[in-house]
Amino acid sequence: DIRLNLLGERHPAIAKVVKSIGRLHLKQNVPERALKFFNKAFAIEKNARESSEVEGLEIEQAGTMLCIAEAARQLNMTQRAWAAYNDAASVLCLHFGPDHPAALE
């Protein structure tokens, strides 16, 4: 609540908190709830990326895409999972190069 009041709901730091809540839901085997939080985090990151010059947001977004992919995989949403994995891999390859370990995960 303090971060939300200080930074506003569209700040990248809020996306990290929202993504962390999603990860907790995923660890508790509640992928449907996790996916909702991951989607919200992705939307915040996308908005922040489009409206600011903050560096590193594309990497955060790729991490969120990987979270979305894992939740979708657990929900047997195969096409959504593959799309999210591929989108994340594309961002990581562009940023780090195709041979970097982060791009190969």
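This is a predicted model: local features need pLDDT of at least 70, side-chain atom pairs count only at pLDDT 80 or more; totals for chains, interfaces and linings use all residues.

**Helix against helix**

I started with the pair α3 and α4: α3 passes α4 in a left-handed crossing. (Left-handed means that the near helix is turned anticlockwise from the far one by less than a right angle, and right-handed that it is turned clockwise.) On the α3 side I listed P31, L35, F38, N39, A41, F42, E45, K46, A48 and R49, and on the α4 side L57, E58, E60, Q61, T64, M65, C67, I68, A71 and Q74. I counted a contact wherever heavy atoms come within 4.5 Å. Sorted by type, the residues of the contact of α3 with α4 are 11 nonpolar, four polar and five charged. For that sorting, Ala, Val, Leu, Ile, Met, Phe, Trp, Tyr, Cys and Pro are nonpolar, Asp, Glu, Lys and Arg are charged, and the others, Gly among them, are polar.

Next came the geometry of this pair: the axes of α3 and α4 cross at roughly 160° and come within 9 Å. The axes are lines fitted to C-alpha atoms, for helices over the stretch in contact, and angles run from 0 to 180 degrees between N-to-C directions. So α3 and α4 are roughly antiparallel to each other. (Angles over 145 degrees count as roughly antiparallel, under 35 as roughly parallel, 65 to 115 as roughly perpendicular and the rest as oblique.)

**What I am looking at**

Residues are numbered from 1 along each chain as its sequence is written, and side-chain values use heavy atoms, with hydrogens and water left out.

I checked the confidence next: mean pLDDT is 86, and 83% of the residues reach 70 or more. (pLDDT is the predictor's confidence in each residue, from 0 to 100.) Among the elements, helix α1 (residues 2-7) has the lowest mean at 51, while α4 has the highest at 94.

The protein has six helices and zero strands. I took helices (H or I, at least four residues) and strands (E, at least two) as DSSP runs, numbered from the N terminus. Of the 105 residues, 33% count as buried. (Buried is under 20% relative accessible area, exposed over 50%, partly exposed in between, with a 1.4 Å probe and protein chains only.) Among contacts with a separation of 6 or more, 46% come from residues 24 or more positions apart.

**The other pair**

I then turned to helix α2 (residues 12-27) and helix α3 (residues 31-51), which pack at about 165° with their axes 8 Å apart. That angle is why I call α2 and α3 roughly antiparallel to each other. α2 passes α3 in a left-handed crossing. From α2 I noted P12, I14, A15, V18, K19, I21, G22, R23, H25 and L26, meeting P31, R33, A34, F37, F38, K40, A41, I44, E45 and A48 in α3. The residues of the contact of α2 with α3 come out as 13 nonpolar, two polar and five charged.

**Single residues**

Which residues does K19 touch, beyond those up to four places away in sequence? I found F38, A41, E45, E60, G63, T64 and C67. K19 lies in helix α2 and is buried, at 3% relative accessible area.

A34, in helix α3, is buried with a relative accessible area of 0%. Leaving aside neighbours within four places in sequence, A34 is in contact with G22, H25 and L26. I also took the C-alpha separation of A34 and A72, which are 38 residues apart along the chain, and got 9.5 Å.

Q61 is in helix α4. Is Q61 buried or exposed? I have Q61 as buried, at 5% relative accessible area. Not counting residues up to four places away, Q61 touches F42, E45, K46 and R49.

E58 is also in helix α4 (residues 57-74). With neighbours within four places left aside, E58 is in contact with R49, V91 and H95. The C-alpha atoms of E58 and A88, 30 residues apart along the chain, are separated by 9.3 Å.

**Loops**

Last, I looked at backbone angles. N29, in the loop between α2 and α3, has phi near 60°, a positive value in a residue other than glycine. N29 counts as exposed at 63% relative accessibility. For N76, in the loop between α4 and α5 (78-96), phi is near 60°. N76 counts as exposed at 67% relative accessibility.
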